[in-house]
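Here is a short briefing on a protein model. Look at the structure first, then read the points below it.

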2 protein chains.
Amino acid sequence: MASVDRSLVANLPMFAGLSPAEQDELLREARSIRYTKGSSVFDQGAQADRFFLLLHGHLRVEKTTPQGQQTVVRYVSAGELFGVAQAMNMTHYPATSVAAVDSIALAWPSSSWQRLIAKYPTLAASALQTVGSRLQDTQARVIEISNEQVEQRVAHALLRLAKQAGKKVDAGIEIDFPISRQDIAEMTGTTLHTVSRILSAWESEGLVEGGRQRIVLRDAHRLQGLAEGEEAIQVRRRGP
Amino acid sequence: MASVDRSLVANLPMFAGLSPAEQDELLREARSIRYTKGSSVFDQGAQADRFFLLLHGHLRVEKTTPQGQQTVVRYVSAGELFGVAQAMNMTHYPATSVAAVDSIALAWPSSSWQRLIAKYPTLAASALQTVGSRLQDTQARVIEISNEQVEQRVAHALLRLAKQAGKKVDAGIEIDFPISRQDIAEMTGTTLHTVSRILSAWESEGLVEGGRQRIVLRDAHRLQGLAEGEEAIQVRRRGP
DNA sequence: AGCGATCTTTGCTCCGGCGCAAATTCCCCG
DNA sequence: CGGGGAATTTGCGCCGGAGCAAAGATCGCT
């Protein structure tokens, strides 16, 4: 089990307001674990025996209904706290986390949570903030799905992904991990067919550039316009 | 400003794990405020200068988009903590809270939050749990809107309302505060027209009993079936 | 008791996007 | 370098439910 250097994590929100010595102590209790692309960090319904901090990589968090319907809840990027089910008094993980690319996370035993927040109150504040902003995001998503057309929702989803995990490339902004049309469909509450059609239409307009599990935003500005409800791009439909 | 008796609140989750003396001290810092039906406790976008505990009544929490689209985020029942924006490091309230019936709440200044959680760590834990379960609910709602037909969503919404604020009456379970078709539409991401049609169909099947801003579930069991995707009730459509 | 405002019901039409099916492209792996 | 499987694209038809319009039903108020 590798020990982690403080410098890697010192300026993450979770460690803000802690002295170097305290940071070291926290780190001493954690294990660092590698996850290969496609492997799961924890599974929906499993005992929530650890909580995590993602050091490197990207995770896809998904929920499956009893009927087998899958939904992508969100993506986790490096620096984020996740799997804090125990902190919310849940005994089991409510979703599955899968590594979208090879990733590294720190893991603490859930059982330490109570003791840690008693000792470091800023930890609780940090967790509260994490969960709070997650709640805001999720509520925003409800409103989006309720009130917007599919095309706007897809535009929003891509912009959010780009903001969270965008990498500048010559052609524009590339989403920094493999993501399929199916994934986007599951994020926006539609079908992969519709997503594919929309992306094709956008590609022919020069808004985006696609590929297998790969998306580059070429004109974020115009996408933003679409997301806000400007006239939609014509998705090829019956006609002359 | 009325002072509040400890016995009214002692067994709420927020006060769990505190000694009577500590409870009294917390209460001493709070003001009790009455809100008449239809008045707002706080408005979306306003400075988040207080956080609250609902003592009596029901609140509707709603968000409005810049384009004027409204969505009912949730209903707050007595005993719940709300308006804890500050605790999540937000300076402004993200939504509006309106009294659905005459209500009473305790209010603390947001500025006390940091001091209070430092002194009473269980408060932070309690808030974390509140926000956490709110997050779970909201995620469940995303999945519902994404994967279910309108009729199932309405069934789910009614069952949830009944569980949270149901009152047993002769005819079945009545939702204990005035709620319009429009409200239900805003909870389920549909239109009041569609909600009205569905409720009419259900009423003629004896599943529910409607009225102006009033709904009674007569057959929660069958509704549960609908919510889970059993064959839908035929909403009258063109035909022989 | 009467009036206006609000809420609810219901008919009709239209269309966005889903379901289904099939072809095509791309990538991984042997 | 050649399968084979996964991901993607695209055509076609249908239908759930939104949009629009208008007529009832109730409530609160004066």
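Chain A and chain B bury about 3,100 Å² between them, and 70% of that lies on carbon and sulfur atoms. Buried area is the accessible area (1.4 Å probe) that two parts lose on being put together, summed over both. This is a predicted model: local features need pLDDT of at least 70, side-chain atom pairs count only at pLDDT 80 or more, and totals for chains, interfaces and linings use all residues. Residues are numbered from 1 along each chain as its sequence is written, chains are lettered from A and ligands numbered from 1 in the order in which they are written, and side-chain values use heavy atoms, with hydrogens and water left out.

**Where the chains meet**

- In chain A, the residues that lose the most area to chain B are A:Leu128, A:Leu135 and A:Val142, together 19% of what that side buries.
- The contact (heavy atoms within 4.5 Å) takes 29 residues from chain A and 29 residues from chain B.
- There are 0 salt bridges between chain A and chain B; a salt bridge is a side-chain nitrogen of Lys or Arg within 4 Å of a carboxyl oxygen of Asp or Glu.
- The two chains have 4 residue pairs in polar contact, both residues at pLDDT 80 or more. A polar contact is a pair of N or O atoms within 3.5 Å; within protein, one must be able to donate a hydrogen and the other to accept it, and residues adjacent in sequence count only if both atoms are side-chain atoms.
- Strand S5 (70-77) and helix H3 (121-147) of chain A each supply at least two residues of the side that touches chain B. Helices (H or I, at least four residues) and strands (E, at least two) are DSSP runs, numbered from the N terminus.
- H3(A) gives the largest share of that side, 17 residues.

**One residue of H3**

- A:Gln136 sits in helix H3 of chain A.
- Is A:Gln136 buried or exposed? A:Gln136 is buried, because its relative accessible area is 14%. Buried means under 20% relative accessible area, exposed over 50%, and partly exposed in between (1.4 Å probe, protein chains only).
- Leaving aside neighbours within four places in sequence, A:Gln136 is in contact with B:Lys63, B:Met88, B:Met90 and B:Pro94.

**An enclosed helix**

- Helix H5 (residues 181-188) of chain A is largely enclosed by the rest of the structure, because 6 of its 8 residues are buried.
- Among the buried residues of H5(A) are A:Asp183, A:Ile184 and A:Met187.
- The elements that the buried residues of H5(A) pack against include strand S4 (58-64), H3 and helix H4 (150-165) of chain A.
- After H5(A) comes A:Gly189, with a positive phi near 70 degrees.

**An open sheet**

- In chain A, 4 strands form an open sheet in the order S1-S8-S3-S6, with antiparallel pairing. Two strands pair if DSSP finds at least two bridges between them.
- Strand S1 (31-35) and S6 of chain A stand at the edges with a single partner strand each, so one side of each is left without a neighbour in the sheet.
- Strand S3 (residues 50-56) and strand S8 (residues 103-109) of chain A run antiparallel, joined by 6 bridges.
- A:Phe51 has A:Trp108 in S8(A) as its bridge partner.

**A loop residue in chain B**

- B:Gln44 lies in the loop between strand S2 (40-42) and strand S3 (50-56) of chain B.
- B:Gln44 is partly exposed, with a relative accessible area of 31%.
- A polar atom of the B:Gln44 side chain lies 2.9 Å from the backbone nitrogen of B:Thr64.
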